[in-house]
2 protein chains.
Amino acid sequence: MNEMQIVLDGTVTTPAGFTAVAVAAGLKKENQLDLALVVADTDCSCAAMFTKNQVVAAPVIVDRETLAANNSRLRAVVINSKNANACTGKPGLANARATQKMAAQALGCAANQILVLSTGVIGVQLPMAKLEAGIVAGAKGLSRENGRLAAEAIMTTDTHPKHLAVQVDLPGGSVTIGGMAKGAGMIHPNMATMLAVLTTDAAIEPDVLDGLLKTAVNQSFNRISIDGDTSTNDTILLLANGVSGTAVADPDSIAQFGAALNHLCTALAQLIVRDGEGATKFVEIQVTGANSEAEAHQIANTIATSPLVKTAFAGSDANWGRLLMAAGRAGVPFDQTKINLWIGVQQPDELQLVANGTPTEYQEAAAASVFAEPEFKILLDLESGGEETAVVWTTDLSHDYVSINADYRT
Amino acid sequence: MNEMQIVLDGTVTTPAGFTAVAVAAGLKKENQLDLALVVADTDCSCAAMFTKNQVVAAPVIVDRETLAANNSRLRAVVINSKNANACTGKPGLANARATQKMAAQALGCAANQILVLSTGVIGVQLPMAKLEAGIVAGAKGLSRENGRLAAEAIMTTDTHPKHLAVQVDLPGGSVTIGGMAKGAGMIHPNMATMLAVLTTDAAIEPDVLDGLLKTAVNQSFNRISIDGDTSTNDTILLLANGVSGTAVADPDSIAQFGAALNHLCTALAQLIVRDGEGATKFVEIQVTGANSEAEAHQIANTIATSPLVKTAFAGSDANWGRLLMAAGRAGVPFDQTKINLWIGVQQPDELQLVANGTPTEYQEAAAASVFAEPEFKILLDLESGGEETAVVWTTDLSHDYVSINADYRT
């Protein structure tokens, strides 16, 4: 990490000029938090990335429209859990727009200054009366103390809230970036594969913010996979309110801010993987010696999503043949007589299992001891002549994943 | 099914002029059958299809070479289970070639008249002494009575042997096609996704045989998915010995024989799905209204391999939002406001869940009762303007799948 960065146990309200609130609006059972507002004191620039799924939830449609018309005067984000408002047709779209209006009225701004995010069950209409009561009540409870509770309110099958902040000292002064994210299923790298809200008190133009967000997401949220399923609601927002008075406009500041943003996104993305549904393992998969980064990424992704690889992880079985099987079905040509495979706990190249496509004389007990760890690394060198590389972080496929998802709606 | 076809509880030895044997050669534990020979009395034409995985097992390499040099004088197939001879480098390749020579010597033919198939654990060298003893012993026990035992010997995690035969009355006389196949993991449609050996006593030229096999595989083995993983060893062979004296050469005979072959392959493919690892459900997924058959197939495949869809199947949860989520991430453009979704037990269109992208007023209990069945059907109409359609057969992702694969090697 860059020495200019200080990592804080912070939230979306750690940057100056942001408040939040979390409400138990009655969408979840038993008085659980299910609604969050994140509100800026002043107008914000905003960058956003959305799911690449062809089936997109109503809030994604509404937010795309809102940002196309207005990406420099945003004021607030309304997020509900338990209900994704996806596959809900025209009534769902009307509900997302009505949510904007309710929040605008409660917060005293315009509807096109509000973004709406939903996560939860697909195909059920939002309970609008509960949502409105929650928004009205929440608008009265906004505070800088509520960042952690907001991160809790957006959880679905997550077992803990995910949030972090980074402070970075730029030539013009110190700025802070805060963020929160939720997982924990339908997680697969195809853009921002979950909900995340990032805030900063830096002053940044929307087009600069866009570029920085794309770079950060490509190195973080697009490098994780829990189950290979891409959600209909994936959204990541980055709001910049400029309250610090420090501008990120010159190349040096942009580079330093970008590095801090990358760090924050990578940390949040890894938190999502570590809290993946039923996850008992955190596995880093690196593919090197590829002819392009896209090919390396494709192979790493295919290994990361293979059910046979992931069940072997769950069983702590160093069944490396499945790693090569998955690599081979990734659709990327390579020469199987050249490949090398290593595994390790601290470093990925501690134990070589395959050399030039042939098993080495490794001891099974040594390989098993690596796979028995809660965290380990895999390195596949294609020796394709190229030097391109890609890293992906993933989990195992456990009994608990099946249990969680076999009766998710009950 | 064509009225000219008679389905028999047959095997690879039901067609005239084929014998088989199954041996407990000591590759598996506890005296289980693990080696099969299928032998033709006379030279055979042969068509074959192999895995599209970049990582291919030694027997696939050897069989490709053998068939390139000789596809009209084949005599026998040697199949072992428990060990895939994949990712075994040059020693593995030498072992596959040595197996050809051992079988040629034991059967009194040339090495390039022998095909070798292996299935089982990846990355372990074959125990050649055991294999040789098994082949020598087996060659003395060949019989037309052993077809079912041969189907048993090639099993890995299959719970029962899979075999069938079809008799078809052609203008020139009656011919029979027999077949056996094994699953039950690493099953995903990308060519012939498992091992299958088909035999017929019809007389068919290799190029005609090739075309018939490709057509049949595309409608059967390429339409099934258990776990989305494509094996390194997938092979399907079709041997024609001409012993019936009936030629398949004129268009009528080719069409009728082709229909019977399609029926046999579809039946074997469905047997594989029904016996999928941990499978408790057999689900038919049909996508219609697509602009191309490839697009319909791509969407049906993505639904069939989605972990969230398959865990919902396991839980008998009619969580149809996941079906649309998976369809949306298939990489095929469609208009989510036009799609219709039905489910049913006998017919796919018994209960409509989504009309024009919006949930219908269906009763949850009615949907749940369909998903509670061991077999049901799903129909997704894209209304893309096109009329193309595709069907895929798949299973659920159950606790038992995880259990079977978490410690497959132990």
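**Close-up views of a predicted two-chain model**

**View 1. Contact surface shared by chains A and B in the predicted model.** The two copies meet through the same surface, because 100% of the interface residues of chain B are also interface residues in chain A.

**View 2. Rotation axis relating chain B to chain A.** His399(B) is the residue of chain B that comes closest to the rotation axis, with its C-alpha at 2.8 Å.

**View 3. Packing of helices H5 and H6 in chain A.** H5(A) covers residues 206-218 and H6(A) covers residues 251-274. Their axes lie 9 Å apart and form an angle of about 40°, so H5(A) and H6(A) are oblique to each other. The crossing of H5(A) past H6(A) is right-handed.

**View 4. Residues at the contact between H5(A) and H6(A).** From H5(A), the contact uses Val208(A), Leu212(A), Thr215(A), Ala216(A) and Val217(A). From H6(A), Ile254(A), Phe257(A), Gly258(A), Leu261(A), Asn262(A) and Cys265(A) meet them. By class, the contact has 8 nonpolar and 3 polar residues, with no charged residues. In an α-helix there are 3.6 residues a turn, so residues three or four places apart point the same way.

**View 5. Surroundings of helix H9 in chain A.** H9(A), residues 321-328, is mostly covered, with 8 of its 8 residues buried. Among the buried residues are Arg322(A), Leu323(A), Leu324(A) and Met325(A). The buried residues of H9(A) pack against helices H7 (293-305) and H8 (307-314) of chain A, and also against strands S12 (340-344) and S15 (375-381) of chain A.

Definitions and conventions. Residues are numbered from 1 along each chain as its sequence is written. Chains are lettered from A and ligands numbered from 1 in the order in which they are written. This is a predicted model: local features need pLDDT of at least 70, side-chain atom pairs count only at pLDDT 80 or more; totals for chains, interfaces and linings use all residues. Axes are lines fitted to C-alpha atoms, for helices over the stretch in contact, and angles run from 0 to 180 degrees between N-to-C directions. Helices (H or I, at least four residues) and strands (E, at least two) are DSSP runs, numbered from the N terminus. Angles under 35 degrees count as roughly parallel, over 145 as roughly antiparallel, 65 to 115 as roughly perpendicular and the rest as oblique. A crossing is left-handed if the near helix is turned anticlockwise from the far one by less than a right angle, and right-handed if clockwise. Two residues are in contact if their C-beta atoms, placed from the backbone, lie within 7 Å. Ala, Val, Leu, Ile, Met, Phe, Trp, Tyr, Cys and Pro count as nonpolar, Asp, Glu, Lys and Arg as charged, and the others, Gly among them, as polar. A residue is buried if 20 or more other C-beta atoms lie within 10 Å of its own, exposed if 12 or fewer, and partly exposed in between; C-beta atoms are placed from the backbone. Copies are superposed by least squares on the C-alpha atoms of residues with pLDDT of at least 70 in both.
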